[in-house]
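Here's a quick tour of a protein chain, from one residue out to the whole fold. Take a look at the structure first, then read on.

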Amino acid sequence: MTGERQPCGLGKAAGRGGWEEPEEEIYTPREVMHTKPVILAVDDDLLFRNLLEQQLQHIGYAPIMATSAEEALAVLERQVVDLILSDFVMPDIDGMEFMEQVHRQHPDIPFIIVTAHASIDHSVEAMRRGANNYVDKHWELDALHILIERALAHQRLKNKNVEIR
């Protein structure tokens, strides 16, 4: 998340109390602006997607919802996100292939795979291929919150290590 910059919309003072637009945009890291972490959630199931959006908002995140991996990839071209929650089974690209595509372009975005078809083999494979976690869709809200916070905290530590070096 550090290093990702968002416009803060500051202008400079002009004569007689007016404001001029800055010659170039001033950027401030999202953490400094104290905004909610942005979570891109990808699932083709409308009911689950709506429930997940409500839950994410309730626990303090700013969700962006996508119906497919292709739609989510388009979102990533125009929007900075802090974490991705993705269904494992989707019609166009499965969750693991989607994760690999994301990590080729955005290797630092934490990724959690969500599934209704949990298996130990899939879980091990997802973690081996770069998922921060792999979780069954029938979670408790507190457990989801902990998984997200753990993944975000891990990414913050990685970013701090890079800054220190």
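Let's start with Asp 43, which has a relative accessible area of 2%. Buried means under 20%, so Asp 43 counts as buried. Keep in mind that this is a predicted model.

**Around Asp 43**
- You'll find Asp 43 in the loop between β5 and α2 (46-58).
- Its side chain makes a polar contact of 2.8 Å with the side chain of Lys 137.
- Leaving out residues up to four places away in sequence, Asp 43 touches Phe 48, Arg 49, Ala 66, Thr 67, Asp 87 and Lys 137.

**The nonpolar cores**
- The largest nonpolar core is made of 23 residues, and Leu 40, Ile 84, Phe 98 and Ile 113 have the most contacts inside it.
- Two or more residues of this core come from each of β5 (38-42), α3 (69-78), α4 (95-105) and β8 (111-115).
- There's also a second, separate core of 19 residues, with Met 65, Val 114, Leu 144 and Ile 148 among them.
- Back to Ile 84: setting aside neighbours within four places in sequence, its contacts include Leu 40, Leu 76, Phe 98 and Val 102. Ile 84 also meets Ile 109, Pro 110, Phe 111 and Ile 112.

**The whole chain**
- The chain has 6 helices and 9 strands.
- Of its 165 residues, 38% are buried.
- Take the contacts between residues at least 6 apart in sequence: 59% of them join residues at least 24 apart.
- The accessible surface is about 9,900 Å², and carbon and sulfur atoms account for 51% of that.

Terms used:
Residues are numbered from 1 along each chain as its sequence is written. This is a predicted model: local features need pLDDT of at least 70, side-chain atom pairs count only at pLDDT 80 or more; totals for chains, interfaces and linings use all residues. Side-chain values use heavy atoms; hydrogens and water are left out. A nonpolar core is a set of buried Ala, Val, Leu, Ile, Met, Phe, Trp, Tyr and Cys residues joined through side-chain atoms within 4.5 Å. Buried means under 20% relative accessible area, exposed over 50%, partly exposed in between (1.4 Å probe, protein chains only). Helices (H or I, at least four residues) and strands (E, at least two) are DSSP runs, numbered from the N terminus. Contact means heavy atoms within 4.5 Å. Accessible areas come from the Shrake-Rupley method with a 1.4 Å probe; for residues, only the protein chains shown count as cover. A polar contact is a pair of N or O atoms within 3.5 Å; within protein, one must be able to donate a hydrogen and the other to accept it, and residues adjacent in sequence count only if both atoms are side-chain atoms.
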